Amino acid sequence: MEYIVELGKKAKKAQSTLASASTALKNDALTAISAALRAGKNEILAANAMDLESGKSNGMSESLLDRLALSEKRIDDIADSVLDIAALPDPVGRVKDGSVRPNGLSIEKIAVPLGTIAVIFEARPNVTIDAAALCLKSGNTVILRGGKEAINSNKATANIMRKAISDIGLDENCIQLVENTDRETANALMKLNGYIDVLIPRGGAGLINSVVQNATVPVIETGVGNCHIYVDKTADIDMAVNIIFNAKTSRPSVCNAAESLVIHRDIAAAALPAIKLKLDEKNVELYGDEEARKIIDIAPATEEDWGTEYLDYKMSVKTVGSVEEAIEHINTYSTGHSEAIITSDYNSAQKFTQLVNSSAVYVNASTRFTDGGQFGFGAEIGISTQRLHARGPIGLPELTTTKFVIRGNGQIR
């Protein structure tokens, strides 16, 4: 598709200058973006209102509408996160390792930008800004391809950012938005070898699987979040209730929300009624095994429930007899995102953190903290559930690769 090829050419041209941009210039650009977003609130909110109206007309669920919605506070929070990124150390040029060989050669391993990054994502207009800011700070040009549900919001924010960086002397094509949301544009990005250095999908299982299966460019696989909370037999019940309520209901539409509750049978009779009572405040629907259903009045769980990312006020309940059984269940059905144990037993906590195969593992805390901002990264493009160089929140360091620089004084081999 010629349109996508042209975006690739512009990104490559801009990349040659962005890669060598000073930290000060990149930070000035981010500061300008933050200020421009605040100044452009009315424009952004008007565009977002169009997307929300369209979403409602098309029967979009409340949880997905929440993902799509912007407000003055959310825009301020996003603008603040851009400033947080500006305040972080520049990852480019950092010497990661070095040595001097017996022959006198000095070898340094240095962090450099990946190049041009494409991001394909769904109805999350904040991703447009987070991804652009992170890529800019790490010296990467970016091509953003959001879903049609957020196209008006994405156009507004992308235009504001492009003008902001142009005004301070950077090529506006460091940030580009695919304004055609036909499926063909996504397919073209997946196969834009020679222009795209890495592709990052962010969204539901369908989008991620499509990218992984069809892309010919390198992919950093982000994951859906079938996140578990395991309540061990020694758990503080009040703590468990509060953590589960937060992890499930604070924002059920996001990937770090808890979807599955696993509970030790020795504490189930005491804990499950208290947990259900609190979740009833948000009308959370629970689907449990036979043991859980003998304690609380909930619907029966199917095999499918154990592996479902609901993104809604729904949660599965599995009863187990040991921490080992909990770990086995979680590793069987988890998507590798985030899992938590609520326990007062040090050995159980150690075993859980060592053997659970996910990118973020918590002890006595909510899974909702799996977030670039909460981890001190300013923001993140997504949560990687793969095992390659990027795992967990994808922040600035994960958006660089390495180059070896070798200095000599005439050595030959």
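Strands β3 and β6 run parallel and are joined by five bridges. Two strands count as paired here if DSSP finds at least two bridges between them. In that pair, F121 has R202 of β6 as its bridge partner. Before I go on, this is a predicted model, in which local features need pLDDT of at least 70, side-chain atom pairs count only at pLDDT 80 or more, and totals for chains, interfaces and linings use all residues. Residues are numbered from 1 along each chain as its sequence is written, and side-chain values use heavy atoms, with hydrogens and water left out. Helices (H or I, at least four residues) and strands (E, at least two) are DSSP runs, numbered from the N terminus.

Staying with β3, this strand also pairs with β4, residues 141-145, in the parallel sense over five bridges. There, A118 stands opposite I143. With helix α6, residues 125-137, between them in the naming, β3 and β4 make a right-handed β-α-β unit. Right-handed means that, with the strands pointing away from the viewer, the path from the first strand over the helix to the second runs clockwise.

How many of the six residues of β3 are buried? Six of six. Buried means under 20% relative accessible area, exposed means over 50%, and partly exposed lies in between, with a 1.4 Å probe and protein chains only. In a regular strand the side chains alternate between the two faces of the sheet. In β3, T116, A118 and I120 point one way, while I117, V119 and F121 point the other way.

Next, helix α9, residues 205-214. Its buried residues are L207, I208 and V211. Seen down the axis of α9, they fall within an arc of 95 degrees, so they line one face of the helix. The arc is that of the directions from the helix axis to the C-beta atoms. G206 and Q213, on the other side of α9, are exposed. What covers the buried residues includes β3, α8 (183-190) and β6 (198-202).

Helix α14, residues 323-333, can be described in a similar way. Here the buried residues are V323, A326, I327, H329 and I330. They cover an arc of only 165 degrees around the axis, which puts them on the same side of α14. E328 and T332 are exposed, on the face turned away from that buried side. The buried residues of α14 pack against β7, β8, α13, β11, β12 and α15.

H264 is buried, with a relative accessible area of 4%. Its C-alpha atom is separated by 5.4 Å from that of K233, 31 residues apart along the chain. Leaving aside neighbours within four places in sequence, H264 is in contact (heavy atoms within 4.5 Å) with residues including Y230, K233 and V320.

D51 sits in helix α3, residues 41-57. D51 is also buried, at 2% relative accessible area. Beyond its neighbours within four places in sequence, the contacts of D51 include L68, E149 and N152.

The largest pocket has a volume of about 760 Å³. Of the 29 residues that line this pocket, the closest to its centre are R124, N126, D130, R251 and D371. On a 1 Å grid over the protein atoms alone, a pocket is an open set of points with protein on both sides within 12 Å along at least five of seven lines, and lining residues have an atom within 4 Å of a point. Grid points are joined across faces, edges and corners, and the volume is the space filled by probe spheres set on the points. Helix α5 gives the largest share of the lining, five residues.

Technical notes: On a 1 Å grid over the protein atoms alone, a cavity is a set of points where a 1.4 Å probe fits but cannot get out, and a pocket is an open set with protein on both sides within 12 Å along at least five of seven lines; lining residues have an atom within 4 Å of a point.
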